[in-house]
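Here is a quick tour for anyone meeting this structure for the first time. Have a look at it, then read on.

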Amino acid sequence: MNITREAPLPGASFGATLRLAGDAAEIVAAAERDPGRLPAELAAARGLLLIQGMNGISDDPDLLIRLSRVFGPEVEDYRHTLTDLKAVHVSVPEILLVSNMAPVSKAPPKRPDPPLAADGLIPTQYPHRKGWHTDQSYRRPPPDISLFYAVTPAQRDTGQTLFANGILAYEALPPALKAKVETLVGLHAQPGTGRSREAALAGRPPRAFAPHERSQPQPVVRTHPVTGEKSLYLCEWGQMDWFEGPFVGLEPGPHGAGAALLDEIMAHYTQRRFCYAHEWTEGDLLIWDNRCLVHAATWFDGDREGRLMWRTTVHGNPGPQYAGEKKSWIPAAAE
């Protein structure tokens with residue numbers, strides 16, 4: 001592949017922009033001929049790649065699926081993962097629609113208050129910025145890679161996607177905090193099961209779990225199966241279990257010792273020095289590694305503009321601790 005690599009990403013200490021010769025179809029064909037190259041670039045960039053000018057995907061969405069398959073053996077079919085079908089592409093079911101427009105009609109996240117950080121930049125640090133998560137952490141085995149493509153992005157300077165790097169954050173942990181998290185296990189909850197911190201603080205009892213909806217334990221420190229690097233792996237607010245967790249073996253609930261520790265870890269994890277804010281342009285493609293990054297969406301004016309993004313999710317190499325596990329999210333009757 002004819003690649004020019006620019007690293008790190010602007011304003012960040014990780015990630016890379018790849019400049020590749022040709023249009024989207026030619027780039028995908030080249031990636032298929034050399035299937036190890038882009039995954040190696042992703043690992044070298046510590047989990048985040050940007051490829052611009054991929055506009056041809058909008059006309060031929062199968063290109064996104066073909067490129068996704070370069071990163072792993074299984075590209076998720078959203079018809080079979082209990083996803084609301086309104087958010088699934090009508091002809092390519094491996095594509096999840098992320099949009100405030102019908103039929104998806106997903107509202108943008110709230111604007112932080114205040115909207116800027118003390119340094120005048122977009123806020124990244126928790127709890128000023130909320131919504132940090134890694135895709136589908138409430139499943140075992142969790143997914144590896146996400147690809148996110150801008151069909152119709154929001155107006156410039158809004159609708160950014162923020163990333164925080166768990167490898168860098170782990171390496172910089174104070175020794176006492178590193179010792180606390182080394183063997184810690186988080187309890188991750190599927191959104192919609194009523195286990196969020198907001199629900200716990202409001203005193204709303206969670207609904208009963210179906211077996212395939214149960215909160216799933218995940219190590220707070222994961223060893224990356226490709227690079228061998230250690231990384232933080234946890235979410236906040238809406239994707240942890242705030243009734244039985246957020247951590248196994250620590251006082252549960254939104255005011256317990258577990259909550260205090262999570263707040264401390266997430267405030268460290270999302271410091272600006274570990275973060276990247278992506279300003280979207282039509283045709284941008286971001287590829288990120290869920291095994292070592294968390295991300296968060298930002299506000300845009302959904303009353304005045306429509307935004308449409310396409311996402312795929314790749315599975316296949318979560319690490320040896322998940323070897324042989326059945327998919328936790330598949331109902332037993334469907335196996």
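## The largest pocket

Which element supplies the largest share of the lining of the largest pocket? That is S5, with four residues. Strand S5 covers 96-99, and strand S14 (293-297) also gives at least two residues to this lining. (Strands are DSSP runs of E, at least two residues long, numbered from the N terminus.)

A word on where this comes from: the model is predicted, local features need pLDDT of at least 70, side-chain atom pairs count only at pLDDT 80 or more, and totals for chains, interfaces and linings use all residues. Residues are numbered from 1 along each chain as its sequence is written, and side-chain values use heavy atoms, with hydrogens and water left out.

The largest pocket holds about 1,900 Å³ of space. Among its 50 lining residues, Lys 106, Gly 131, His 133, Pro 191 and Gln 239 are the closest to the centre. A pocket here is an open set of points on a 1 Å grid over the protein atoms alone, where a 1.4 Å probe fits and protein lies on both sides within 12 Å along at least five of seven lines; lining residues have an atom within 4 Å of a point. By class, the lining splits into 21 nonpolar, 15 polar and 14 charged residues. (Ala, Val, Leu, Ile, Met, Phe, Trp, Tyr, Cys and Pro count as nonpolar, Asp, Glu, Lys and Arg as charged, and the others, Gly among them, as polar.)

## The second largest pocket

About 380 Å³ of space lies in this one. It has 21 lining residues, and Leu 121, Ile 122, Gln 160, Ala 277 and Glu 279 sit nearest its centre. Eleven of the lining residues are nonpolar, five polar and five charged.

## Around Trp 280

Trp 280 is found in the loop between strand S12 (275-278) and strand S13 (285-289). Is Trp 280 buried or exposed? It counts as buried, at 4% relative accessibility; the cut-offs are under 20% relative accessible area for buried, over 50% for exposed and partly exposed in between, using a 1.4 Å probe and protein chains only.

Leaving out residues up to four places away in sequence, Trp 280 touches (heavy atoms within 4.5 Å) several residues, including Phe 148, Pro 153, Gln 160 and Met 309. Thr 161 is another of those contacts: Trp 280 and Thr 161 are 119 residues apart in sequence, yet 8.0 Å apart in space, C-alpha to C-alpha.

Notes:
Grid points are joined across faces, edges and corners, and a volume is the space filled by probe spheres set on the points.
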